[in-house]
Each structure stands twice: as structure tokens, then as C-alpha cells.
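Here are my notes for someone opening this entry for the first time. Have a look at the picture, then take the points in order.

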Amino acid sequence: MSRLTGPDSGRSQRTDIHSAATSPFDRPSDTEPGAPDPLDIALAEIEAGALEVYARAGLPTDPGHYRKPPDTDAWTFIAATLPPEARFALTLEHPAEMGWRFARLQDLGARSDRPDLQAASRLLNDIADLRAARRGRLTEDHLIVAMELGGAWRALRDSKAVKASRLTLTPPSSPKKPRAKRDKGVKPR
């Protein structure tokens with residue numbers, strides 16, 4: 001937390017041996033996975049919930065890049081990772097004007113008319129951004145994204161609990177016929 005708000009948060013120096021050789025245009029190196037920490041576990045739960053929304057809508061759930069040929073609704077897997085040059089070459093070979101669409105997994109639901117797919121897409125993008133930021137420097141914006149993810153996750157989890165519930169709401173039964181006046185007991189005066 002002090003990295004986010006400390007007095008030298010904007011000027012702290014990295015002390016690792018690779019910091020001088022790192023270019024801002026290089027991809028971050030993949031780190032060896034260790035034991036998951038609580039944030040990793042929470043991000044995985046949120047991601048699983050968003051991917052469940054994708055699956056119910058018939059969208060793919062495997063991470064990577066996808067394309068959709070003209071006049072179809074099905075996205076086909078291209079690769080887990082594509083360098084920018086390969087993505088650019090694909091868009092030149094299959095232009096959008098001809099009906100081709102290309103997207104990453106987290107972007108598949110972004111242009112949907114369905115609000116649940118749009119929300120799932122936002123969650124997946126925020127998770128990807130937060131995971132990438134954890135390899136580098138976290139900022140206050142990342143903290144805000146993490147808090148928004150928590151709120152979105154609670155809303156998603158609560159909506160699933162309501163859908164999975166066996167409880168149903170039914171209208172009340174019709175009221176009983178009112179008794180006739182003569183049926184009422186006589187009150188003493």
C-alpha cells in the first residue's frame with residue numbers, strides 16, 4: 001500500500017538487475033507461478049464467474065485471440081498469444097469492411113447488446129489489466145480498479161445466488177369470502 005501512496009511513490013527506483021535493460025515497449029516476462037496469494041485467488045474467482053456468463057451465452061472461454069468470419073456468429077480460436085505484427089497482418093488479410101472481426105477473449109462480449117456480456121467483458125479486461133500491473137508498478141488507479149472489481153464480483157455472486165435459489169415468489173391466494181353480517185358474533189352493548 002505504501003507503494004501506492006507513499007511520498008516517493010512516483011519516484012521510487014527499482015533495484016533489480018534487469019531494470020536498466022527493460023524497455024517500456026518490451027512485453028513483461030512471464031514469472032514462474034508460485035503459491036497463489038489471496039488476490040490471485042480472488043481474481044481467479046471473479047474470472048471464473050465472468051467466464052461462466054460467457055459460456056451461458058455460447059461464447060468461448062479459453063484465453064487467447066479469436067476471429068469471426070463474415071456472416072457467422074461463431075468465434076474461432078486463433079492462438080493463445082499473437083504478437084502485434086501478426087494481428088496487424090491478419091487485419092490486412094481479412095479487413096473489417098468485408099465482415100471479419102478479431103478480438104481477445106476479454107473483448108468478445110464488449111460489443112454485445114446484452115448487459116451481462118458487457119459486464120463480463122469489463123471484468124475480464126480489468127482482471128487482465130490488474131494482473132499485468134502486478135508485474136510492474138501499481139498505481140492508485142489500480143487500487144480503484146481492484147475495489148470496483150470487488151463490488152462487481154459481489155453483484156455477480158449475489159445475482160447467481162438468487163438465480164440458483166429454489167425459493168420462488170408466488171402471489172398470495174385469493175382472500176376468503178367475507179362472512180355475511182349475520183355470521184358475525186353479536187357484541188354486547
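1. One term before anything else: buried means under 20% relative accessible area, exposed means over 50%, and partly exposed is in between (1.4 Å probe, protein chains only). What you see is a predicted model, where local features need pLDDT of at least 70, side-chain atom pairs count only at pLDDT 80 or more, and totals for chains, interfaces and linings use all residues. Residues are numbered from 1 along each chain as its sequence is written, and side-chain values use heavy atoms, with hydrogens and water left out.

2. The overall layout. The chain has five helices and three strands, in the order α-α-β-β-α-β-α-α; helices (H or I, at least four residues) and strands (E, at least two) are DSSP runs, numbered from the N terminus. Of its 189 residues, 21% are buried. The accessible surface is about 14,800 Å², with 56% of that belonging to carbon and sulfur atoms; areas come from the Shrake-Rupley method with a 1.4 Å probe, and for residues only the protein chains shown count as cover.

3. Contacts along the chain. Contact here means heavy atoms within 4.5 Å. Among contacts between residues at least 6 apart in sequence, 63% join residues at least 24 apart.

4. The core. A nonpolar core is a set of buried Ala, Val, Leu, Ile, Met, Phe, Trp, Tyr and Cys residues joined through side-chain atoms within 4.5 Å. Which members of the largest one touch the most other members? Out of 21 residues, they are Tyr54, Leu108 and Leu149. Helices α2 (38–56), α4 (115–134) and α5 are the elements that give two or more residues to this core.

5. Around Tyr54. Beyond four places in sequence, Tyr54 touches a list of residues including Leu59, Leu105, Gln106, Leu108 and Leu124. Gln106 sits in the loop between β3 (101–104) and α4 and is buried, at 16% relative accessible area. Apart from neighbours within four places, Gln106 contacts Tyr54, Ser121, Leu124, Asn125 and Ala128.

6. Salt bridges. Side chains of opposite charge can pair when their charged atoms come close. The cut-off for a salt bridge is a side-chain nitrogen of Lys or Arg within 4 Å of a carboxyl oxygen of Asp or Glu, and the whole structure has six. One of them pairs Asp40 with Arg134 (2.6 Å, N to O). Asp40 is in helix α2 and Arg134 in helix α4, so this pair ties together parts 94 residues apart in sequence. Asp40 is partly exposed, at 30% relative accessible area, and Arg134 is partly exposed too, at 31%.

7. Another α2–α4 link. Arg131 and Glu47 form a salt bridge (3.2 Å, N to O). Arg131 belongs to helix α4 and Glu47 to helix α2, so parts 84 residues apart in sequence are tied together.

8. A lysine to look at. Lys68 is in strand β1 (residues 65–68). Is Lys68 buried or exposed? Lys68 is buried, yet has no salt bridge, and the nearest side chain of opposite charge, Asp73, is 4.9 Å away. For charge, Lys and Arg count as positive and Asp and Glu as negative; His and the chain ends are not counted.

9. A loop position. Thr81 lies in the loop between β2 (76–79) and α3 (84–93) and is exposed, with a relative accessible area of 58%.
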